Amino acid sequence: MKKMGPNDEIPEDKNCQLPRMDGFPDCMGKLKWMNSMWKSDPCYSSYGVNGSLCSFIVYLSEIESWCPLLSGRVARPVESYKAEVKDNFEGLHRSLVNKTQFSWIQQRIKSMEEIWVEAGRSLSQKYNLTERRAKQILVHPGVITNEADLKIAENAFSGGPLGELVQWSDLISTLHILGHNLHLSASEGSLKDTSDKLFTLIAQTTFFHEFTVLKTSWTDYRCIIRVLDSFGTEPDFNHAVWASNHDLKCPFGGLSLIPMQFYTMFPHTPDNTFLGFVVQHQLSSEEHEQLESTKRQNQALVYGKRATFWQGKEAYLDIIHKYLDIHGTVDDSALIPDYVKNHGIVKGTEVQRLLRQSKLFVGLSFPYEGPAPLEALANGCAFLNPRLEPPQSSLNSKFFKGKPNTREVTSQHPYAEAIGEPYVWMVDMNNQTDVERAITSILNHNIEPYLPYEFTCEGMLQRVNVLIEKQDFCSAAPSWPPLSALRVLKAEAGVSCKKVCQRAGLVCEPAFFPHLNNDKNLASYNVDCQTSEFSDKYIVLPAYNSSSKQCLFQQDPLLFSCVRSDQSLVRICPCRDYIKDQIALCKECI
């Protein structure tokens, strides 16, 4: 077959005549893109794309649906698109070759290959994963692109922040093991062709830069976007008009997506979706042998790679040093106390060894909400979690300023705070008695390694698989989670749905808000609406005015909110149950 040159138009030849394009307005544009970019991803060649016109048309008509079928060919059966759980990473590694921005991500993936494959095998034995369709998924970690210029990829090997890179590497591993077709992007050029992907993942930290690239197709494809967003985006910050009218504009707000399209690291923002990551606690067989002889010592390991995190904490560390030897993995020994044994910036396996040697992992109050405390618990090391007084938020903290939420962070690690003793001990760093009480209690306990299922490889595979199969923002009538999981509660005036659901041992489920947003459905939950009104002036609707027996319903679906409250209105709250250690999923969700 005739090969096409890089500057060719789309020629016809005797082997492959162009079919009629009626009803396929985007076909020609896709063919031209394929002509230039088909070598950019090994996925294309795996489907037989070889640079010829025919191979482009076959792919764009039979694997995707942008072009009409060639004469004499028939559409492939759906079975050929089935997603099969992978038992190796060969294809993924080929797609990462020469992508230098992905170097740290690839290193983490390689270090956990054996664990991921075993987790996929285990999940397959528990659930039927055979009737799933393989999706084309574009993954664009904007934080590592040259255009973003954040230097996160470059600094990853020298003590830079790793939280987002951990999440991206684990997401890529999850999607690969689940059998989906990944298209990895680290530049604007590759991002421009998002429209043929069924599911697109972008980093919140650089979203506006990428939005300028996507804007030509934004209206048509916004429902397939998922935005990785570590700290969460609340509905009033997300809604462009509301944020402008209420002085809530910030660098990362105003996108006017459905709030559940934002995917968070921890389940702290119920209006968003909890994506999570994996705590690297399981070891490969070789690493396990190396660490098998590691014994617990009378020592503490401090959480903080930057020496600047240690400044002003000397009195706190002096108290701990009275009871335990202190170790660190810090970038500058000259700026930390002399009694600290500093190992410098080390690899993950060495951190695991230090945690398995230590009895205590010491928080310094910063960084907030990172992976490390859970890794400590998974290695049998208790975590000393500093309280934050007052709680930190975008209203009073330089770090959180500009974040699109007002969530109050009450400790260095709120998720760990909820786990509680004997694994996590809350302390006031400035109170010697409080610190000593916690340390002596920890030294009197021998804790077993502990890690919630949702932060294991298998737990993340289960959660992401359900989200991909069930969570749909392109349909007008969402059907997941199932309505059978709905529990309707009234919150007294001034209380949010997040709080009232938590008090009942449930979580607020924003997907159920539309169901409760009419008087007929509310009547079945014993809410008597003698009059009703739709409004876009409140962010706490649906709600009930008990004195007038009037129901107020939400006119703008982007303004449904789990986290807001109003002193004059009783909120009608959509709650649901959840699987223990898998809060993103209800008991009937899998």
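Good morning. The structure holds 19 aromatic pairs; rings of Phe, Tyr and Trp (its six-membered ring) pair if their centres lie within 6.5 Å, and planes under 30 degrees apart count as stacked, over 60 as edge-to-face and the rest as tilted. This is a predicted model, in which local features need pLDDT of at least 70 and side-chain atom pairs count only at pLDDT 80 or more, whereas totals for chains, interfaces and linings use all residues. Residues are numbered from 1 along each chain as its sequence is written, and side-chain values use heavy atoms, with hydrogens and water left out.

Let me begin with F231 and F399. Their ring centres are 5.6 Å apart and their planes stand at 80°, so the pair is edge-to-face. The pair links distant parts of the chain, 168 residues apart. F231 counts as buried, at 15% relative accessibility, while F399, at 31%, counts as partly exposed; buried means under 20% relative accessible area, exposed over 50%, and partly exposed in between (1.4 Å probe, protein chains only).

I turn to a second pair. The rings of F277 and F455 have centres 5.0 Å apart and planes at 55°, so this pair is tilted. F277 and F455 also link distant parts of the chain, 178 residues apart. Both residues are buried.

Returning to F231 and F399, these two belong to one aromatic cluster with F309, F366, Y368 and F400. What sits over the ring of F399? The charged end of K403 does, 4.6 Å from the ring centre; the criterion is NZ of Lys or CZ of Arg within 6 Å of the ring centre and within 35 degrees of the ring normal. The charged end of K30 likewise sits over the ring of W66, 4.6 Å from its centre.

Definitions and conventions: Helices (H or I, at least four residues) and strands (E, at least two) are DSSP runs, numbered from the N terminus.
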